Amino acid sequence: MSTSLPVLANFAGHLTPANDEPRRKSPHEAAEEFFSARISNENTRESYIRDAKQFASWCAGRGFTLEVITAVHIAGYRDQLVKEGKRPATIKRQLSALRMLFSHMVATGAMSHNPAREVKTQPIRRAEGKTPALQPEQMRQLFASIGSEKPIDLRDRALIGVMAYTFARASAACRLVREDYIDLGRETMIRLKEKGGVEREIPCHPALARDLDAWIQYADMAKTSPLFQTFTGQAHDSLSGRAMDRDEALQMVKRRLERAGLPSLFSCHSFRATGITTFLENGGSLETAQNIAGHADSRTTKGYDRRATRLELAEIVRVAY
């Protein structure tokens, strides 16, 4: 795999070890190893590569080489991001990416120290996450706007259902194959492969099972075929055999939101927040929601809980003039 970091390689320079020392990796080799071997999640890898490229370009534009980078330079880069109006969460992620990259370079002998280690970022205090959730009536409105006659309608309804009823990330939903939908007779299960290699089997909600059955009956695909495939042709009635990716899933969701007359600010991830909030609102426990979502920490699950926001909206109308 090539991480395409020419800027990082160029301004880094080659740190030549002494003859009596074991061979150390060059900065470019260390970066290649870090991005290809140390980060297994594709989405995280893409974000970290983008962050590293941005920092490398910033350094190259100022004539900084890797050997001279200190905490002062990292702090200057952080302050530049603040001036550009970057959100605190974005800055924290970019500094975290640099911290981890430089730490790996130190471990492999490509750098003598980690200049990002001591650089602080603004603390983020948020009672709840930023992903907006749909109201139950909005979910009903969305599903009602999707027909059941056309093949593309069957696919889109089933894919949205997987994200809404199992709290699945779009990437995990797109990775599903036909045999991940398991019929046990009295109930059906969906097997999700999440980030970090985690697999979890979730019982299918009756509404989701109905939509999946309708889609699979039409598609008539092999067990190992992608469950949610793209279509070929203008009529959208022939399957390509290729799985949808998360960007295509997002484009589909945006089209469906527009047709349903719903705000475009919602995304695939909104179904995760919607499902968790609705589950908790209807008496589900936080522990169970955590297990369904596949979170290692219940605080992460709590970050998707929008019950307080819904309560505030219901209460604020009491201010009547």
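Buried, as I use the word here, means under 20% relative accessible area. This is a predicted model, and by that cut-off Cys204 counts as buried, because its relative accessible area is 13%. Cys268 has a relative accessible area of 7%, so Cys268 is buried too.

Now disulfides. The structure holds 0 of them.

On to the cores. The largest nonpolar core has 52 residues. Val162, Leu212, Trp215, Phe228 and Phe271 have the most contacts inside this core. Its contributors of at least two residues each are the helices H6, H7, H8, H9, H10, H11 and H12, plus strand E2. H7, spanning 151-166, gives the largest share, 8 residues.

What does Val162 touch, once neighbours within four places in sequence are left aside? Its contacts are Phe167, Ala168, Ala173, Leu176, Leu192, Leu208, Leu212 and Phe228. There is also a second, separate core, with 28 residues, including Phe34, Ile49, Leu66 and Ile74.

Last, the second largest pocket. Its volume is about 460 Å³, and 17 residues line it. Nearest its centre are Ala164, Tyr165, His205, Gly275 and Thr278. H6, H7, strand E3 and H11 each give two or more residues to the lining, with the largest share, 5 residues, coming from H11. By class, the lining has 11 nonpolar, 5 polar and 1 charged residues.

Note on methods
Residues numbered from 1 in each chain as written. Predicted model: local features only at pLDDT ≥ 70, side-chain atom pairs only at ≥ 80, totals over all residues. Heavy atoms only, no water. Core = buried A, V, L, I, M, F, W, Y, C linked by side-chain atoms within 4.5 Å. Buried < 20%, exposed > 50% of the residue type's maximum accessible area, 1.4 Å probe, protein only. Helix = DSSP H or I, 4+ residues; strand = E, 2+ residues; numbered from the N terminus. Contact = heavy atoms within 4.5 Å. Disulfide = S-S within 2.5 Å. 1 Å grid on protein atoms, 1.4 Å probe; cavity = no way out; pocket = protein on both sides within 12 Å on 5 of 7 lines; lining within 4 Å. Points joined across faces, edges and corners; volume = space filled by probe spheres on them. Nonpolar A, V, L, I, M, F, W, Y, C, P; charged D, E, K, R; others polar.
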